[in-house]
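Visitor: Hi! Could you walk me through this one while I have it open?
Guide: Happy to, let's bring it up.

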Amino acid sequence: MTNCIFLEQVEIRLGGAQIFSQLSAEIQQGEFIGVFGPNGAGKSTLAKSILGLLPVASGKISVFGSSPGRNNHLIGYMPQFRTNLENTALSAFSMVAAVAHGNRWGLPWQGITLKKEILEVLKLAGAMEYAHRPFSVLSGGQKHHVALAQALVGKPRLLILDEPLASLDPGNQMRLIQCIKKIQTSTGATILFIAHDINPLLGIMDRILYMAGGNAAIGSVKRILTSQALSELYRAEIHVIRAEGRIFIVAAEGNVTETARHA
Ligand SMILES: Nc1ncnc2c1ncn2[C@@H]1O[C@H](COP(=O)(O)OP(=O)(O)OP(=O)(O)O)[C@@H](O)[C@H]1O
Ligand SMILES: [Mg+2]
């Protein structure tokens, strides 16, 4: 396996405040990494800094061996907020085509090849059935599949998916996860999957990156999801409870953390 993302003692500061520091991780090509942590932990910030959209205050990020931003053509990104085109009359197909055109900015129209690629990504993302319906009439879950298809344009080697499960029911969460797992195995892409609920992703992820309290830890589910490891991250007493094959994260004072809220 080759190195896909390399994070060395990374510190990010925004608006004068430290968001997180001392984040070190080596993510290999083809790994499926689940990224978890409470609201405001810095998950989206990390995604943006890997894309070179936010500066690093100290430490180093390298993506496919170069500084962030230089290899973005190898990255498919599904941002957390995707509402700006909510009411468009464009079909899902056209929405993906628009991204495909953007990717080839400056190149002449590539007719059949381009159409073939658009159909391919719509199929990979499981969105073929409604590809020709207007985007605005699609359900929230269907829109997620179209956004995934957009992220797949250009055969990315790294997919950064920021909360693709948000507002999906458990059945649709599983469908989207299976779809992404299939993409990982069939294309060998690295997956950075940001989510709040660990449970639907158990058995799917290779490792997890858990962010909390300005700190982060990366490792296997078994190693990171322990009361001791999470208490160190949160700097508070946290209990990890395993029951019925599921994991619940509970603060000592009885508040269930974000991670387990939807479990
Ligand atoms: N441009 C900015 N200027 C100042 N602070 C910012 C900026 N962008 C984000 N932040 C702050 O950085 C922190 C981390 O935000 P981020 O969006 O990365 O959290 P998150 O882990 O993705 O949370 P959520 O689960 O709610 O999506 C938050 O406290 C947020 O308010
Ligand atoms: Mg976020």
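Visitor: What do the buried residues of H5 pack against?
Guide: In this predicted model, they pack against two kinds of element: helices H3 (111-124) and H4 (140-152), plus strands E6 (158-162) and E7 (190-194).

Visitor: Which residues of H5 are buried?
Guide: Gln 173, Leu 176, Ile 177, Ile 180 and Ile 183. Looking down the axis of H5, you would find them within an arc of 115°, so they line one face of the helix.

Visitor: Why would that kind of spacing put residues on one side?
Guide: An α-helix has 3.6 residues a turn, so residues three or four places apart point the same way.

Visitor: And which exposed residues sit on the face turned away from the buried side of H5?
Guide: Gly 171, Gln 178, Lys 182, Thr 185 and Ser 186.

Visitor: How many residues does H5 have, and what follows it?
Guide: H5 has 18 residues, 170-187, and reaches 26 Å from first C-alpha to last, close to the 26 Å expected. Next comes Gly 188, with a positive phi near 75°.

Visitor: Switching topic: what surrounds ligand 1?
Guide: Its surroundings include Leu 14, Ile 19, Asn 39, Lys 43, Ser 44, Thr 45 and Gln 80. By type, the shell has three nonpolar residues, eight polar and one charged.

Visitor: Which helix gives the largest share of that shell?
Guide: Helix H1 (residues 43-50), with three residues.

Visitor: Last one: how many helices and strands are in the chain?
Guide: Eight helices and 11 strands. The radius of gyration is 19 Å, close to the 18 Å from the globule rule for 263 residues, so the chain is as compact as a globular protein of that length.

Conventions. Residues are numbered from 1 along each chain as its sequence is written. Chains are lettered from A and ligands numbered from 1 in the order in which they are written. This is a predicted model: local features need pLDDT of at least 70, side-chain atom pairs count only at pLDDT 80 or more; totals for chains, interfaces and linings use all residues. Helices (H or I, at least four residues) and strands (E, at least two) are DSSP runs, numbered from the N terminus. The expected span of a helix is 1.5 Å times one less than its number of residues. A residue is buried if 20 or more other C-beta atoms lie within 10 Å of its own, exposed if 12 or fewer, and partly exposed in between; C-beta atoms are placed from the backbone. The arc is that of the directions from the helix axis to the C-beta atoms. Two residues are in contact if their C-beta atoms, placed from the backbone, lie within 7 Å. A residue is near a molecule or strand if its C-beta atom, placed from the backbone, lies within 6 Å of it. Ala, Val, Leu, Ile, Met, Phe, Trp, Tyr, Cys and Pro count as nonpolar, Asp, Glu, Lys and Arg as charged, and the others, Gly among them, as polar. The radius of gyration is taken over C-alpha atoms; the globule rule is 2.2 Å times the number of residues to the power 0.38.
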